[in-house]
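Please look through these notes with the model open.

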Amino acid sequence: MLVILSAAFARADWMDHFMVREDVGIHKNPYLGDTKVVIIPVEVAGFPPLDTAALESFFGPDDPGGFVKYYETASIGRFRPRVTVVPKVTYASCPLPAMQFPMCSVARGDINAFTAGMEMMRDVVKKADAAGFDFSQHDINGRRGTADGWVDGVMLITNVPFGGIAFPFAYFNRGDNLAGGTSGPLIVDGVKIGHIAIAGENDMLVMVHEFGHTLGLTDLYDESQKYDGLYLSWMGAWLYDPNIPLPDAETRFRLRWANWNQVQGRQRVAIRPAETSGDVYRLGIGDEYYLIENRGPGTLVDKSLPERGLAIFHVDRTVKLDGMEGRFVDRILDCVNCDPWHPYIRLLQADNLFEIEQNKKFAAGDLFQPGDFLRPDTRAIALSETNRVNSTNFYSGAVSGIRVEDIRQLEDGTIEATLDAPAEGQCDERLCTEGEGCAPTTCGENTTASGCSTAGLTPLGALALLLLEQRFRRREQRFLRRA
Ligand SMILES: [Zn+2]
């Protein structure tokens, strides 16, 4: 058993987007169930003081725009953090080495420089512990949903200029572990702290994003700045939204926060708004597949989305993910979504303009709405910078046979569509052996003709219907603009 476990841990990386999911504790915070999160405010003299009341409110259970409601909404109630804000730890001067951190500010993504900040993290935890805070009360959750010897989550919030970072402390630590030993996780009050998120106090999205890393998620924006990276995800680009966006469908699927519907054969489906239902439709299996969800302006999340529609993602898990210990450093240098034409997760755009890939912004017209569709490219050519054709082909060019057609939006926000996936062999994949989100809630169905399928229509009839639909869509958009 021990041999099996250590083999699993050797293939268990920090921020691996669930290439491995047995490493809760050592590399990931628990991401399901009731969890306790410790926030340690760190205030350095000479910078604007922390607004402790605002922090208490943002991390409290009732703030509709806050941390707890965000995670409860994004997980459809499956992940329920409760946060304790520790009495603040204060410093008379910057606790970081002045040589590397002039003005006490930390550049984003500079992990080498940040190892110098480990002394500060160790000292902050030591000070909070010495002031009487009992970390052992904050381990109630783990891989099996019960206390596991690891604190459920620790984040520092500081008043110095700070973009935010999440740091695998135990992996890099060669010094004092605060329990009489050296290296590995910090141990306080008998419980371990293996990784720590840090954020400045003024950017709520960053606080939520950095904590996302501690759940096992990698960055989905493009650190190389060729383009913005993945839109519609709080681990990706968020420039369009001062509010906090939902996780993308792939991330929710992997976190087991989705209501996973696996498509098999031709199905007419009703896809409910993601923010209230968790609905994700998956077309294809293995490492490369398509995911569909219904995104639109919600009351708690996605408030700035310009319209409602289907978000369609092309996922390729072979892009820079492998789960090997320590490889997260590679992903910081060369991120999984850095290639706009072949990232780990790509958001398709209904308007066929490929603007996001060309470093423009996500905008109205990108979500799939009535009149839009997605089909195979029978020439069997892959998408690339020189072949800008929207299709459901794989990155090899191979035709997947996947189709998204006959989209209709209902008044309650539900979107109907006709989906095509391979006719058999789609129902057996599992993310895990037991628990919510491990298996599809539906796979295939008795095909019903509740929608208005174009199958069987003459080409002229189909064209007439398409034109009619497009006219209807324009009218609807005018109405929405007035509303
Ligand atoms: Zn990040």
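1. A charge sits over a ring if NZ of Lys or CZ of Arg is within 6 Å of the ring centre and within 35 degrees of the ring normal. The charged end of Arg-375 meets this over Phe-373, 3.9 Å from the ring centre. Lys-28 lies over the face of Phe-18, at 5.6 Å from the centre.

2. On provenance: this is a predicted model, where local features need pLDDT of at least 70, side-chain atom pairs count only at pLDDT 80 or more, and totals for chains, interfaces and linings use all residues. Residues are numbered from 1 along each chain as its sequence is written, and side-chain values use heavy atoms, without hydrogens and water.

3. There are 22 aromatic pairs (Phe, Tyr or six-membered Trp ring centres within 6.5 Å; planes under 30 degrees apart are stacked, over 60 edge-to-face, the rest tilted). Phe-172 and Phe-328 are edge-to-face, because their planes stand at 85°, with centres 6.0 Å apart. Phe-172 is in helix α6 (169-172) and Phe-328 in helix α10 (328-333), so the pair ties together parts 156 residues apart in sequence. Helices (H or I, at least four residues) and strands (E, at least two) are DSSP runs, numbered from the N terminus.

4. Phe-328 is buried, at 1% relative accessible area. Phe-172 is partly exposed, at 22%. Buried means under 20%, exposed over 50%, partly exposed in between (1.4 Å probe, protein chains only).

5. Six strands form an open, mixed sheet, ordered β14-β13-β12-β11-β9-β17. Pairing requires at least two DSSP bridges between two strands. Strands β14 (345-347) and β17 (442-443) are the edges. β13 (309-316) pairs antiparallel with β14 over three bridges.
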